[in-house]
Number of protein chains: 2
Amino acid sequence: MPPGRLLGEVFRACPTGRRPRGRPRTRWRDYISRLAWERLGVPPDELEEVAGEREDFNLAAIYVSDAQYNRNVYFDTLPQAVRLYMLYNHWALKVLLYFFMLVNLSLAIFEDPAVYPLPIWATMLVEILCLLIFTIRLIHYAKVILRDKFWKDPKNICIIVILTLTLVDMIIYGALKAANYYGVRWSRVLRPLLLVNVTEGRQLRRAFRSIRNALPQIFYVFMLFMFSILIFSLMALKLLGKRGLTNINGTPYFTSYLEIMFDLYVLVTTANSPDVMMPAYNANFFFAVFFIVYILINTYIFMSVFLAVVYNSYKKYLKEEVRQLVRAKRHKMVRAFGVLQEQREEGGEPVVTQASWNQLVRLVQPNLSNAHRELLWSVSDDKNQGAIGKVAFVQLADLLNIEIITIKSRPHPLQSLCPSLYQSAPSKLLCQLVQHRAFVMVYDLIILVNAVFIGLDEENPMIANSEWVFLALYILEILLKLYVFEPRVFFSKHSFWNWFDTIIVISALIATIINSVMNHFSSRQILDIVFILRVLRLIRVVDSIKRFRIIINTLIRIGPAILTFGQLIIVVYYIFAMVGMELFKGKVTFYEQSSTNLAKAYCGNPLLNGTDFAKLNYCKNNFNNVVSSFILLVELTVVNQWHDILYSGFATVTHISARIFFVLFHIIVVIVILNIFVAFVLEAFFVEYSVDKSDLQTSLERKIEELELAVAQYVTLQRVVSGGPIEWVVHFNITRPICEEPSKLEQGHKLRDDSQL
Amino acid sequence: MPPGRLLGEVFRACPTGRRPRGRPRTRWRDYISRLAWERLGVPPDELEEVAGEREDFNLAAIYVSDAQYNRNVYFDTLPQAVRLYMLYNHWALKVLLYFFMLVNLSLAIFEDPAVYPLPIWATMLVEILCLLIFTIRLIHYAKVILRDKFWKDPKNICIIVILTLTLVDMIIYGALKAANYYGVRWSRVLRPLLLVNVTEGRQLRRAFRSIRNALPQIFYVFMLFMFSILIFSLMALKLLGKRGLTNINGTPYFTSYLEIMFDLYVLVTTANSPDVMMPAYNANFFFAVFFIVYILINTYIFMSVFLAVVYNSYKKYLKEEVRQLVRAKRHKMVRAFGVLQEQREEGGEPVVTQASWNQLVRLVQPNLSNAHRELLWSVSDDKNQGAIGKVAFVQLADLLNIEIITIKSRPHPLQSLCPSLYQSAPSKLLCQLVQHRAFVMVYDLIILVNAVFIGLDEENPMIANSEWVFLALYILEILLKLYVFEPRVFFSKHSFWNWFDTIIVISALIATIINSVMNHFSSRQILDIVFILRVLRLIRVVDSIKRFRIIINTLIRIGPAILTFGQLIIVVYYIFAMVGMELFKGKVTFYEQSSTNLAKAYCGNPLLNGTDFAKLNYCKNNFNNVVSSFILLVELTVVNQWHDILYSGFATVTHISARIFFVLFHIIVVIVILNIFVAFVLEAFFVEYSVDKSDLQTSLERKIEELELAVAQYVTLQRVVSGGPIEWVVHFNITRPICEEPSKLEQGHKLRDDSQL
């Protein structure tokens with residue numbers, strides 16, 4: 001009987017096809033064997049491969065990889081569901097999903113009001129395609145997880161609602177447009193919410209949750225803050241309203257309560273300081289005291305309290321979140337253990353054998369080297385028993401997260417090709433020269449000189465030609481280093497600066513050549529690229545100064561989590577941009593510098609004639625398309641002049657209630673999200689500062705030392721702080737050049753910890 | 001032989017007159033007795049009072065009070081030095097010192113350039129008086145502490161140098177003025193440094209130390225930050241310099257490297273956003289990306305990193321500081337114990353008897369009630385042995401820092417006067433009414449109605465008269481509360497809101513009466529005061545909402561430490577104001593609104609004609625006297641428009657290098673000091689959030705419960721965070737009204753912890 005058929009028979013005998021939870025694996029195998037023998041007459045040795053073995057390993061691998069990446073998906077444990085789930089987690093599908101997410105979001109560029117207008121049917125078609133992809137992905141997900149879990153999960157409901165509403169909106173909008181009526185594509189504000197609600201938006205959801213958790217506390221401080229503004233406004237009205245003071249433009253100063261409130265709110269953002277105070281201050285010295293007290297209380301103290309409240313709730317929440325993640329991880333690892341466990345002796349503790357473990361790890365991380373896997377096993381099975389218990393097994397997810405970069409100490413290709421030349425005295429001297437500190441210093445000096453030359457006028461032919469000299473010098477540097485260091489070591493995955501250097505220098509070389517070839521048709525764009533590349537090259541100097549390197553490394557390490565915040569900001573910006581475009585599109589027009597249209601002086605809107613908005617040439621700060629809107633929102637985030645943009649700008653061309661939109665944006669983005677961002681950077685830095693090695697890491701290190709692994713010459717321990725739990729990177733990096741003898745290395749430098757400032 | 005003479009004789013026999021360190025007190029007494037008997041023939045029982053007993057207690061009391069207030073003074077332990085030291089610590093001398101410090105600082109108001117000019121001889125005379133006072137205080141200090149400690153202490157050297165330099169400067173300046181030459185009073189910048197260097201400036205020195213400790217780390221981040229600005233400037237020069245773009249005023253855009261650097265530095269402060277970007281953005285969409293990346297990196301990330309670095313070093317330093325303070329406190333208490341210790345039995349542990357302890361505590365805190373002292377003793381001597389060992393004794397300083405406010409449950413005065421009336425049914429009903437929650441709500445409603453009335457036009461006679469109704473209502477409220485609550489309880493030291501209410505209402509009553517009496521000569525000032533008082537009354541509503549009360553209480557608790565920062569800011573502002581006045585005085589003139597002088601349009605300086613500075617009416621933002629200077633510095637701290645003030649203002653009227661002054665101010669105040677301030681507020685809030693009762697406090701509470709002290713009905717525990725170590729306040733407060741029976745109180749409310757948010 002072919003194994004496939006046999007499997008079917010066994011499944012029929014045992015409908016779920018899976019070992020019931022908690023039933024030890026060896027006993028289950030006995031049971032299945034007996035079943036197969038009794039009902040089908042299959043001898044036990046023929047069963048070996050088919051009795052759910054592969055499914056077992058798949059299931060265990062899924063548990064481990066979920067634990068490793070902190071996925072909390074209650075997937076169905078049926079073999080076909082597990083296979084579907086493995087497919088669901090495939091990177092290509094994720095990339096596809098995010099690609100269509102991006103397409104969906106960037107439709108705003110082509111929809112009215114568009115940067116590049118496309119006909120409605122085109123954008124609609126693309127949008128329907130996107131919706132289709134999202135629906136398929138959702139159905140895939142529904143097939144993977146348990147039915148009741150699917151309907152209990154708010155994020156799935158959200159996606160369904162968003163997709164339905166979008167479809168409804170598209171139909172209505174299409175119908176309205178077809179009948180030539182005015183229509184609003186209101187469902188566009190829902191688009192970025194998909195980013196939050198897809199399974200992969202874990203980090204983003206966490207960021208939103210941390211905001212939601214901070215909200216109640218922020219709310220009370222905000223109410224008190226508003227109360228303070230109300231009281232100060234009332235006082236200002238009473239003190240200043242009746243004095244007949246005037247603003248610069250001659251309007252009465254501080255006579256309307258609402259105006260005062262708004263002005264004082266703007267003063268908190270410091271955007272109208274000191275203008276708002278000048279009329280009163282000009283009238284009398286003492287009124288300045290009023291404003292100073294106001295600024296002290298509301299700008300400094302309240303804003304610090306906002307940060308404190310946000311930071312505190314962020315920290316508290318983060319702790320709770322990490323605790324939950326650790327618990328969930330342990331739970332998943334215990335399940336994986338339950339799937340693979342065997343009983344070696346009667347009544348003994350259940351264990352996982354090395355063979356099963358190896359098979360599992362190969363499934364979870366196929367590209368792990370054998371040496372690496374053996375290292376991890378020897379850490380887990382430190383008593384060399386050939387099997388590990390539950391406690392040791394549970395560590396696996398964390399062990400896999402410790403990134404170990406092994407770079408084999410290979411001889412230099414030149415040494416293999418012509419050993420006599422490469423080992424000759426002049427070659428060795430060259431090696432020593434390149435490795436000397438002076439070499440780095442000379443090149444730092446060259447970079448500085450280059451910086452001066454860049455600053456000079458490049459139209460001077462001598463300066464222009466000097467660029468070739470610098471390029472040659474940089475290329476020489478790279479070649480020399482490649483001569484001394486093994487190329488695969490030089491271009492290893494984590495040698496950020498080597499990659500950076502090489503890419504920049506080669507791009508600069510190409511761009512400069514193109515530029516000089518097309519000398520007479522020299523395009524501005526290529527020149528711009530050349531300039532940017534030249535300047536970027538200067539950044540390399542940072543790497544030479546240890547203190548700078550440490551700060552930069554910390555920043556690079558918290559980079560991925562900053563990207564999560566980038567997503568969060570984009571979600572919020574997108575929503576505000578969509579609403580802003582509906583409210584303010586076409587109210588302000590930008591005319592090119594060269595335009596001779598008279599309307600240019602007032603941004604195409606007579607209402608703006610003579611306003612600061614027009615005078616300051618802010619016409620391009622408008623909501624006429626999605627790109628302008630985003631840039632305007634960045635300006636509003638920076639806060640400065642936002643009262644001008646709003647007040648003499650958008651409130652003038654629409655209605656005074658336009659303030660609501662702008663103030664809301666300020667509260668959400670500046671008071672809440674930026675504070676969360678600062679809290680996040682603070683916390684990430686503190687984690688970096690207060691770094692302690694985990695037990696696991698220590699035992700790994702000890703093991704590395706014990707094993708005296710020939711590959712590990714320098715071990716760099718780096719702590720990676722991503723938004724979620726803490727991961728460790730053990731970074732084996734050979735900075736030792738090949739032409740030096742390994743035995744000359746000082747043992748004292750074996751362990752270097754970069755993470756301490 | 002009279003005791004005084006006897007004392008002298010004994011002193012002669014034993015020159016130091018003091019027990020050598022470490023020699024137990026009982027043995028020392030035996031030794032002195034023997035000495036007195038052998039050499040002077042004085043019987044031991046006559047010696048009791050004079051054998052250095054009082055000096056012992058003085059010394060121990062000084063140690064305890066130094067430990068209590070964290071003073072670290074290495075005073076001489078000779079009896080006369082100890083007495084001098086006690087005088088040195090007298091509050092009146094400290095008040096006198098700070099008064100003259102204030103006089104010295106406020107001389108700037110009267111010196112050229114003056115707000116109120118005084119002749120030079122007058123200010124000089126006052127200054128000499130101040131210097132004299134400071135010198136006397138320093139000499140007093142020199143007498144108190146050991147000679148070598150005095151000269152090793154940098155703060156004493158600082159004071160001597162400051163005093164000498166000031167004197168030298170005054171002589172030179174006086175001579176120059178007498179000879180009609182131009183002179184600069186450069187020593188005025190040294191004045192605020194005295195605030196830092198006097199013995200009492202402990203907190204301020206700590207704040208400066210925390211800045212100094214953060215400096216190295218800030219320095220590296222700052223260098224990287226400057227490097228980033230340099231790189232971006234170079235890129236901006238290359239990208240934008242050659243495009244022939246112009247600023248709004250027609251000047252070429254981004255053509256000079258130095259100008260670009262400065263503009264981009266200002267952009268970090270956000271002060272010139274989005275103006276600096278508009279010409280480039282108007283030319284091309286993509287240049288906005290350059291500025292957005294710049295803002296993201298330099299404004300958001302680097303500024304957060306500054307805060308992180310400052311906060312981190314602040315926290316680390318604070319921890320170390322607190323550890324040192326605790327060690328020093330323990331050390332001093334051990335010394336105090338060494339002075340007072342006795343050996344009750346041969347070979348037993350040295351102890352301090354209750355009698356000595358009582359005498360000591362009476363010396364340290366004369367105004368402590370007997371009940372309070374007994375409570376503290378019973379906490380220390382929890383086994384009731386009549387004496388305590390070293391461990392229990394060392395706690396004393398902390399115990400004394402736990403503020404226990406005991407308010408005796410006295411009968412209401414009216415009850416004593418006419419008990420039958422006060423205990424009658426209508427009276428009791430009134431009591432119940434006033435204590436009802438509805439009473440508070442009705443008055444909150446009245447306050448809100450009042451707020452609306454204040455907002456309305458007060459020239460309407462109905463509105464003006466309504467003020468009397470509100471005043472009457474508020475006075476009625478206070479009278480009713482005084483009827484129900486015992487007056488001394490109502491006006492107890494910690495009943496902040498009762499005091500606040502009463503003072504505001506009574507002041508408002510007086511001011512309103514004065515205002516209506518002088519109806520026809522109604523002065524604007526009195527009306528202003530009336531208005532402010534009316535509005536302040538509204539603040540009371542905050543107290544009714546628990547959440548608000550908690551936030552406000554936290555703010556009030558961190559208030560004293562914010563005052564330390566106030567001093568720090570004043571020191572820095574004063575120095576910058578003095579320098580700024582020398583550099584920029586008289587360059588810009590302010591003309592009153594009514595002035596018809598044509599120079600008004602350009603602030604009296606033709607160079608300013610047509611500049612934004614003049615257009616925005618900033619003429620009063622000048623360095624023409626110390627008050628204007630301070631207000632201008634506040635505006636510069638708020639940062640907005642500082643480039644206008646500087647650029648089209650002070651750089652125009654003086655020289656481009658005026659930037660150095662302004663940028664320096666920005667770096668020191670905004671980047672360093674404000675970040676320390678934010679760090680401080682954050683830390684203070686976190687301490688408030690993560691409040692845990694100390695062991696000592698818990699045992700004190702238990703003791704209070706055990707003793708069933710009749711006085712304590714509600715115990716409020718409040719944690720006080722001052723800049724230095726942590727102090728505790730145990731607040732016994734009777735909110736129970738007198739006309740209610742004590743037995744009706746619910747036991748469950750006995751302990752209420754206000755400090756949890």
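**Chain A against chain B**

Tutor: This is a predicted model. In it, 100% of the interface residues of chain B are also interface residues in chain A, so the copies meet through the same surface.

Student: How many residues does the contact take from each chain?

Tutor: It takes 91 residues from chain A and 91 residues from chain B.

Student: And what area do they bury?

Tutor: About 8,600 Å² between chain B and chain A, with 70% of it on carbon and sulfur atoms.

Student: How many salt bridges between chain B and chain A?

Tutor: Two salt bridges. In a salt bridge between the chains, the side chain of Asp528(B) meets that of Arg243(A), at 2.3 Å from N to O.

Student: What about residue pairs in polar contact?

Tutor: The count between chain B and chain A is 16, with both residues at pLDDT 80 or more.

Student: Which element gives the most to the side of chain B that touches chain A?

Tutor: H14(B), with 13 residues. Other helices of chain B that give two or more residues to that side include H11 (202-240), H26 (524-538) and H32 (658-689).

Student: How does that side of chain B split by class?

Tutor: It has 59 nonpolar, 17 polar and 15 charged residues.

Key: Residues are numbered from 1 along each chain as its sequence is written. Chains are lettered from A and ligands numbered from 1 in the order in which they are written. Side-chain values use heavy atoms; hydrogens and water are left out. Contact means heavy atoms within 4.5 Å. Buried area is the accessible area (1.4 Å probe) that two parts lose on being put together, summed over both. A salt bridge is a side-chain nitrogen of Lys or Arg within 4 Å of a carboxyl oxygen of Asp or Glu. A polar contact is a pair of N or O atoms within 3.5 Å; within protein, one must be able to donate a hydrogen and the other to accept it, and residues adjacent in sequence count only if both atoms are side-chain atoms. Helices (H or I, at least four residues) and strands (E, at least two) are DSSP runs, numbered from the N terminus. Ala, Val, Leu, Ile, Met, Phe, Trp, Tyr, Cys and Pro count as nonpolar, Asp, Glu, Lys and Arg as charged, and the others, Gly among them, as polar.
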